[in-house]
Structure formats: structure tokens, C-alpha cells
Amino acid sequence: MAGMAEEQQDVGLNLAPEARGTMAERRGLGPRPTEVSTPVATPARAGKPLISRRVFVLGGFWTALGLALLGIFGPQLDFLYPRRVRGFGGPVPVPKSAIPEPGGEPVRIFEGRFWLVHLQPGVTPNGEETQGGVLALWWKCPHLGCTVPWRPDFVFMGRKGWFRCPCHGSTYTKEGGVLVFGPAPRSMDTFPIEVKEDGSIVVLTGPNNARMGGKDNPARAVRLPGFQYG
Ligand code: FES
């Protein structure tokens, strides 16, 4: 009876044959299809890695090797890298105000480890000739390396004021650090001096710049502008 009623309803609606069916089928309540086509999920293709394993391993190896070499040779390279040396071992500037007058007391320049003496021209009490000027005497004793002090009150050979080493007694003249007594093999070593336009000087210090001391030390004196000699 229900089928007849639905047919009558279809006829009444004047539906196309293919659109006809039971009301239950049209409402999706009819018999279900026996086979359902379910799409099979396929795994996505793995993308190409940004760094291959080979590159990764090689990169790690070279990086480790580079760090090892840097650790071994780094300190040596750092030592060889040229730098502007300041203080002892390089140029040490001395302002004009720090330079003693000719014939005055020696001045100690800590930064450059030298005594600055200023000679009057003529013949020194020890018999050396000099044109006068400044001398930079390295305060390292040529015997065994003790620091040589200036002894203004020390009397020796009838004169007062000497450079005298406290270690073994080597004694040097005020007028050029010439050796007069003791086990030292030579006079005090000297450093070269550059004269600037403003009256200041620059002393080139360090073992590489030192000139071996000798009886000619007073002749190495450098005359300076702006000072009275004689
Ligand atoms: S170290 Fe100066 S006299 Fe020996």
C-alpha cells in the first residue's frame, strides 16, 4: 500500500524516470552499496635533506681539524702579529720638560728602563771627548743584568756621583756610563735617540735597539735645540 502511494505520488509529481525511486532511496535510507571505494593513503615522498650525511661528516671533520690547528698555532701567530709596541722594547717619548739640563743630574725613565744623561761638551773627567748632548743609558748591568742605580753621593776616585751596580760593584761614569771599575765586560749599553721639532726626544728601547757600550759612549751624545751648551 505504501509503494502504491509513493508511485502515485511520483506520478503526481511527474518526475523523470531516472529521478524516480522510493522515497526512502531518495532520502538516502535505501539499501547501502555493498562496495565502498576508499582512497588509499600513500605516504608523502621524503624531501631531499638540505645537507647530506657525507657533507655533514666531512664538515665536522674539517671544523675539528681547523680548531685543533688554531689551538696549536694560534699563540705563535698571535705572537708574530706585528703590533705597536709601547714601553720598553719600542719607542719611548720623553717630553722636553723631562730632559735634564746639560751637566745636570741623570733622570730615570721607568717606561724605557734607561737613565737619561745630558753632557756638557768638552772632555769628561774620565778623559773622553764629547760634543755634548743627551745619552740614553740602559740601566741593565752588562755583567749579569742587575739594575744599575744612580748614586749621587757615592764617592769614588775622588769624585762624587756614579752609576754603581749593587750586585758586584761595577762602577760607571756619570758622563756616559763608561766602566771604570768592576767585573762588567763593557760600559753601559746605549739606546738610539730621535730628536723631534718640539724639542722632545724619542728613545728606541729594547735589546734589539741597544748598542753595546764602550769608551765612546760620550761621543754618542745627541745635541738638542733649545739648550745651552758650554
Ligand atoms: S751584575 Fe752588575 S756588576 Fe755584576
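Student: Which residues form one aromatic cluster?
Tutor: The model is predicted: local features need pLDDT of at least 70, side-chain atom pairs count only at pLDDT 80 or more, and totals for chains, interfaces and linings use all residues. Residues are numbered from 1 along each chain as its sequence is written, and side-chain values use heavy atoms, with hydrogens and water left out. Rings of Phe, Tyr and Trp (its six-membered ring) pair if their centres lie within 6.5 Å, with planes under 30 degrees apart counted as stacked, over 60 as edge-to-face and the rest as tilted. One aromatic cluster consists of Phe88, Phe114, Trp138 and Phe191.

Student: What kind of pair do the rings of Phe61 and Trp62 make?
Tutor: The count of aromatic pairs is 11. For Phe61 and Trp62, the ring centres are 5.1 Å apart and the planes stand at 70°, so the pair is edge-to-face.

Student: Is Phe154 buried or exposed?
Tutor: Phe154 and Phe156 form a stacked pair, 6.1 Å centre to centre with 20° between the planes. Buried means under 20% relative accessible area, exposed over 50% and partly exposed in between (1.4 Å probe, protein chains only). At 16% relative accessibility, Phe154 is buried.
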